[in-house]
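Welcome! Let us walk through this structure together, one feature at a time.

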Amino acid sequence: MFKLPVCPHCHTVYRYKDVRSVIKKKEQECYNCKKKFKISKKGFWILALIAVSLSVVSTFLILNIFHNATAIFPYIVTVIIIISAFFAGPFFVTFKSNEKKNEQKKR
């Protein structure tokens, strides 16, 4: 789950910039083998869960360890975690083959 996706047909590795550009599409054609595949964003739920749990844990730790900390410090840490999760998005995308759907449509 924590790696960049590959083409399900020819296993071509997609770079971070390429995944970032196709992340909003539902279907994409591989630039190497020219076959189509589906872009699955189900991993975003895991990414959101990780970001929220890190935010909650860091807030509790900050407030318990630093007794003189104001509310701005946990907010800044939470914003940094959310920005980090935004940039980690392409690592939670997977590419899935469309062959099963095409075989069912042909029958």
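A crossing of two helices is called left-handed if the near helix is turned anticlockwise from the far one by less than a right angle, and right-handed if it is turned clockwise. With that in mind, look at H2 and H3, whose crossing is right-handed. What you see is a predicted model, in which local features need pLDDT of at least 70 and side-chain atom pairs count only at pLDDT 80 or more, while totals for chains, interfaces and linings use all residues. Residues are numbered from 1 along each chain as its sequence is written, and side-chain values use heavy atoms, leaving out hydrogens and water.

Helix H2 covers residues 43-65 and helix H3 residues 72-87; they pack at an angle of about 160 degrees, with their axes 9 Å apart. That makes H2 roughly antiparallel to H3, a term for angles over 145 degrees. In the contact (heavy atoms within 4.5 Å), H2 contributes residues including Leu47, Leu54 and Ile62, and H3 residues including Phe73, Val77 and Ile81. By class, this contact of H2 with H3 has 10 nonpolar, 4 polar and no charged residues.

Now for the aromatic rings, which pair if their centres lie within 6.5 Å. The count comes to 7 aromatic pairs. In one of them, the rings of tyrosine 14 and tyrosine 31 have centres 5.0 Å apart and planes at 65 degrees, so the pair is edge-to-face, as planes over 60 degrees apart are called. Tyrosine 14 sits in the segment before helix H1 (16-22), and tyrosine 31 in the loop between strand S1 (27-29) and strand S2 (36-40).

Finally, pLDDT is the predictor's confidence in each residue, from 0 to 100. Its mean for the protein is 87; confidence is lowest in helix H4 (residues 99-106), at a mean of 59, and highest in H3, at 93.

Note on methods: Axes are lines fitted to C-alpha atoms, for helices over the stretch in contact, and angles run from 0 to 180 degrees between N-to-C directions. Helices (H or I, at least four residues) and strands (E, at least two) are DSSP runs, numbered from the N terminus. Angles under 35 degrees count as roughly parallel, over 145 as roughly antiparallel, 65 to 115 as roughly perpendicular and the rest as oblique. Ala, Val, Leu, Ile, Met, Phe, Trp, Tyr, Cys and Pro count as nonpolar, Asp, Glu, Lys and Arg as charged, and the others, Gly among them, as polar. Rings of Phe, Tyr and Trp (its six-membered ring) pair if their centres lie within 6.5 Å; planes under 30 degrees apart count as stacked, over 60 as edge-to-face and the rest as tilted.
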